[in-house]
Amino acid sequence: MARTVWDSTVGKKTVMAVSGLVMLLYLVVHMIGNLKIFFGTGEFNGYAHWLRTVGEPFMHYEWTLWLVRVVLVVAVVAHAVSAYQLSRRDIKARPSKYVHKKKRASYATRTMRWGGIILGLFIVWHILDLTTGTVHSGGFETGKPYQNVVDTFSTWYGNVIYIVAVLAVGMHVRHGFWSAAQTLGAGSRTRDRALKTVANVLALLLTVGFVAVPVGVMTGVVS
Ligand code: HEM
């Protein structure tokens, strides 16, 4: 049963929609959490500590965080694998005249494809930068994310990498949210305008909220 659903195009689109919505929920929470940096070192570092103790005493230290990490990894892999397989199907299903004419994929398909690749690469960079500190520009200190974030946005390339990624998030969410709503059957002639508005507002809020942090450091509001 699960095999049949996974093998169908609509099954893969459903996997994309559901995993996308899970990641979207994480992004909204992450963006709001990041804004705590504007309330100072104590509040931001305290928040990062809370992320590790949430659920105690029922949960052990970092258990909830690891649970979230596992869910996110499953979502990222499911999203990427189904996106790849759907795009292979799409190419195979094209009539051969398309191949001769070298018809290009639509604007939305291209931005989603390249945006997805950029975001995949960014997530690896971001974890090596602010979670493990492997590629971090300053003296990375575990448990001191405030200073780590300030260090990241004190280099020109840190700002470029994050701002490009955040713009990619905005564009990806704008189209992705809309597609997910259609796949999950929320679309209708009366609701489509409202869905587009929700997609645009979500994309804008995420972009502005995330970009506020590098801008805050660059302007000296956060230092
Ligand atoms: C300006 C934008 C961003 C800032 C300042 C930022 C900041 C941070 C920080 C400080 C951490 C480490 C938290 C900790 O260990 O306590 C983190 C983790 C993370 N961020 Fe971001 N982030 C930004 C954008 C993004 C975006 C756009 C994505 C996804 C597309 C993302 C996904 C993640 C993930 C997956 C983790 C790993 C959580 C973990 O397992 O430790 N972040 N971020």
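How far is an oxygen atom of the ligand from an N or O atom in the side chain of Arg 52? The distance is 2.8 Å. This value, like the others here, comes from a predicted model.

Start with the overall fold. The protein chain has 9 helices and 0 strands. Read from the N terminus, its elements run α-α-α-α-α-α-α-α-α. Along the principal axes, the C-alpha atoms fill a box of roughly 60 × 45 × 40 Å. The chain has 223 residues, and 30% of them count as buried.

Now return to the ligand. There are 18 residues around it, and His 30, Asn 34, Arg 52, Arg 69 and His 126 come nearest. By class, this shell holds 12 nonpolar, 4 polar and 2 charged residues. His 126 has a polar side-chain atom 2.7 Å from a nitrogen atom of the ligand. Several helices build the shell. Those giving two or more residues are helix 2 (9-34), helix 3 (41-53), helix 6 (107-131), helix 8 (156-183) and helix 9 (192-218).

Next comes the metal. Which protein atoms are donors of the iron atom of the ligand? They are NE2 of His 30 and NE2 of His 126, lying 1.9 to 2.0 Å from the iron. His 30 sits in helix 2 and His 126 in helix 6. The pair is 96 residues apart, and it links distant parts of the chain. Why is the arrangement around the iron atom octahedral? Its 6 donor atoms subtend angles of 86 to 178 degrees. For six donors, the term requires opposite donors over 155 degrees apart and all other angles between 65 and 115.

Are these two histidines buried or partly exposed? His 30 has 21% relative accessibility, so it counts as partly exposed. His 126 also has 21% relative accessibility, so it too counts as partly exposed. The cut-off for buried is under 20%.

Move on to the nonpolar packing. The largest nonpolar core has 15 residues. Leu 24, Val 169, Val 173, Phe 177, Leu 195, Leu 206 and Phe 210 have the most contacts inside it. Helix 2, helix 8 and helix 9 each give two or more residues to this core. Helix 8 supplies the largest share, 7 residues.

Helix 2 also carries Ser 19. Its relative accessible area is 7%, so Ser 19 is buried. Where does the side chain of Ser 19 reach? It reaches the backbone oxygen of Val 15, at 2.7 Å.

Finally, look at the loop between helix 3 and helix 4 (63-93), where Pro 57 lies. A cis peptide bond joins Glu 56 and Pro 57, with omega of about 5 degrees. Glu 62 lies in the loop between helix 3 and helix 4 as well. Its phi is positive, about 70 degrees, although Glu 62 is not a glycine. Most residues other than glycine have a negative phi, and most peptide bonds are trans. At 22% relative accessibility, Glu 62 counts as partly exposed.

Note on methods
Residues numbered from 1 in each chain as written. Predicted model: local features only at pLDDT ≥ 70, side-chain atom pairs only at ≥ 80, totals over all residues. Heavy atoms only, no water. Near = heavy atom within 4 Å. Polar contact = N/O pair within 3.5 Å; in protein donor to acceptor, adjacent residues only side chain to side chain. Helix = DSSP H or I, 4+ residues; strand = E, 2+ residues; numbered from the N terminus. Nonpolar A, V, L, I, M, F, W, Y, C, P; charged D, E, K, R; others polar. Donors = N, O, S within 2.8 Å, 3.2 Å for Na, K, Ca; no water. Tetrahedral: all angles 85-135°; square planar, octahedral: opposite > 155°, others 65-115°. Buried < 20%, exposed > 50% of the residue type's maximum accessible area, 1.4 Å probe, protein only. Core = buried A, V, L, I, M, F, W, Y, C linked by side-chain atoms within 4.5 Å.
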